[in-house]
Amino acid sequence: MEQVSYKFISNEKVQICIPLEGRLKLIDAETVVSPDGDRCVVYDNYVVSLKQMWQNATDIDFYLEKIQQAYDCLTDGLSKIDTLKKMISIHVAKFGRVIDSDLMMMASAVAKVQYAITGSYHIENVVTDALNVAKMSFLGDLFITIYHRTPVGIQPSIVPASEYFG
């Protein structure tokens with residue numbers, strides 16, 4: 001399989017390079033610097049407990065791994081649903097669970113690769129599909145992030161999806 005890659009195009013942007021039909025489809029993405037000083041890529045993230053879209057950031061190489069998985073599946077002819085199932089399965093096998101923000105990173109990766117292939121970006125549809133797949137096939141492995149207001153600020157915690165949706 002061909003390899004997805006990236007390159008920095010400025011201090012605030014990275015370009016994801018997706019090989020398609022003998023050419024590269026270039027997708028620009030914003031970056032931010034983490035508190036640890038690492039440059040991270042920004043992706044669309046549906047926050048389940050808040051029921052709204054936000055942006056999140058993650059390690060560029062980790063995100064690129066998800067892009068590569070989506071690319072491999074979709075260019076091999078898997079459907080969007082089967083691609084999400086495979087990506088979630090790989091993630092659960094590696095980490096023992098899937099947290100909603102990681103699920104949304106996978107949804108973002110699938111949407112970005114679909115955009116590279118079709119020219120159309122529909123993150124909301126992929127988010128809905130990702131949540132449905134995770135609830136139907138991975139409910140025992142899925143965790144939802146809940147945000148609590150505390151005297152020291154907003155603190156996240158995770159709860160099993162079976163309790164959250166239960």
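Which residue takes a positive phi in the hairpin of S3 and S4? Glycine 37 does, with a phi near 95°, and five residues lie between the two strands there. The model is predicted.

Select residues 13-20, strand S2, and residues 23-33, strand S3. The two strands run antiparallel and are joined by eight bridges. Now pick cysteine 17, whose bridge partner in S3 is leucine 26. Then go to the turn: S2 and S3 have two residues between them, and glutamate 21 has a positive phi of about 50°.

**The cysteines**

Display the cysteine sulfurs. A disulfide is a covalent bond between the sulfur atoms of two cysteines. A search of the whole structure finds zero of them. For cysteine 40, the nearest cysteine sulfur is that of cysteine 17, 19 Å away. Cysteine 40 counts as buried because its relative accessible area is 11%, under the 20% cut-off. Select cysteine 73 next: its relative accessible area is 6%, so cysteine 73 is buried too.

**The surface patch**

Switch to a surface view and select Leu50, Trp54, Tyr147 and Ile154. Together they make a nonpolar patch of about 420 Å². Tryptophan 54 sits in strand S5, residues 52-59. With a relative accessible area of 47%, tryptophan 54 is partly exposed.

Notes:
Residues are numbered from 1 along each chain as its sequence is written. This is a predicted model: local features need pLDDT of at least 70, side-chain atom pairs count only at pLDDT 80 or more; totals for chains, interfaces and linings use all residues. Side-chain values use heavy atoms; hydrogens and water are left out. Patches are made of residues with over 30% relative accessible area and no salt bridge: like charges are joined within 9 Å, nonpolar side chains (Val, Leu, Ile, Met, Phe, Trp, Tyr) within 5 Å. Accessible areas come from the Shrake-Rupley method with a 1.4 Å probe; for residues, only the protein chains shown count as cover. A salt bridge is a side-chain nitrogen of Lys or Arg within 4 Å of a carboxyl oxygen of Asp or Glu. Helices (H or I, at least four residues) and strands (E, at least two) are DSSP runs, numbered from the N terminus. Buried means under 20% relative accessible area, exposed over 50%, partly exposed in between (1.4 Å probe, protein chains only). Two strands pair if DSSP finds at least two bridges between them. A disulfide is a pair of cysteine sulfur atoms within 2.5 Å.
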